[in-house]
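Subject: Structure handover and notes

Dear colleague,

I am passing on the structure below, together with some notes that I hope you will read alongside it.

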Amino acid sequence: MRSVGGYVWVDSPLHRAPAAAKLAGLMAAAALVVLASTPLELALASAGVAALVAVSRVGWRVAARAAWGLRWFLLAVLLLNAFLLSDVDPILSLGPASLTVEGISQGARVVTRSLLVVVLGTLLTATTRPQELVAGVRTLLLPLARLGIPTEAAALAVGVTVQFVPTLLRESRQIMRAQALRCGNAAPRGVMRRAAGFVRLLVPMFVSAVRRADELSIAMEARGYRLSPSRESAGGQERKMSS
């Protein structure tokens, strides 16, 4: 199985499905997941997402990659809900915070919904090429374009984001390895040292993102890409109308 960026090169029904249909399905599925509240509804939603992962043939390792990257954030969400949601019938009290069954239940629901939505988004990028995703966004926004609303910028933003995020993640891993080789300590201990390590990572990442954005804008200008008609063509149309 070969992966380029976020796209996984395998053959499956999800890979062959139109991008616009997958985008619409993602929005509908995410809405159903968010609306699920009871354990039975969440179990059915989880079973549906598991079935999609099986049909896509990308594997759970790829499907859960983004969710695993959010593990500490999701753990914080679970703990905040568990300790701060309610103070009725506490299981454990730690000063102003109280661990309750209601808080644990609410935190588990929020984390489960978040995980399912993240997996759905990962499936979309793993089964849809960036250019197909841009075409799908353009198709879904076609009714708005007919009303005169500029939609090309939204489609372009989606395509650029889908292509840039995996590239920036790959560069961040390369920068972390280079810093570890230079400093001789890949996993600094202590909160302040870890914070300083993240600051050292953010500066080159920001420079890299700006450089790639500048290169992209130059390449688009060189190819004559325009989101709207140029001033020259607009002036020519005005002259034709006046004549």
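Predicted model: local features only at pLDDT ≥ 70, side-chain atom pairs only at ≥ 80, totals over all residues.

Residues are numbered from 1 along each chain as its sequence is written, and side-chain values use heavy atoms, with hydrogens and water left out.

The protein has twelve helices and four strands, taken as DSSP runs numbered from the N terminus (H or I of at least four residues for helices, E of at least two for strands). Of its 243 residues, 28% count as buried, where buried means under 20% relative accessible area, exposed over 50% and partly exposed in between (1.4 Å probe, protein chains only). Among contacts (heavy atoms within 4.5 Å) between residues at least 6 apart in sequence, 68% join residues at least 24 apart.

Helix α6 (residues 71-84) packs against helix α7 (residues 101-127) at an angle of about 155 degrees, with the axes 7 Å apart; axes are lines fitted to C-alpha atoms over the stretch in contact, and angles run from 0 to 180 degrees between N-to-C directions. The two are therefore roughly antiparallel, given that angles under 35 degrees count as roughly parallel, over 145 as roughly antiparallel, 65 to 115 as roughly perpendicular and the rest as oblique. On the α6 side the contact includes Leu74 and Asn81, and on the α7 side Ile104 and Ser114.

Helix α2 (residues 19-35) and helix α8 (residues 130-140) also have axes 7 Å apart, but their angle is about 70 degrees, which makes α2 roughly perpendicular to α8. Among the residues that meet there are Leu23 and Met27 in α2 and Leu133 and Val137 in α8.

The structure holds one aromatic pair, formed by tyrosine 7 and tryptophan 9, which is edge-to-face at 5.0 Å centre to centre and 85 degrees between the planes. Rings of Phe, Tyr and Trp (its six-membered ring) pair if their centres lie within 6.5 Å, with planes under 30 degrees apart counted as stacked, over 60 as edge-to-face and the rest as tilted. Tyrosine 7 is buried at 7% relative accessible area, whereas tryptophan 9 is partly exposed at 39%.

Finally, alanine 64 lies in the loop between α4 (60-63) and α5 (65-69) and, at 29% relative accessibility, counts as partly exposed.
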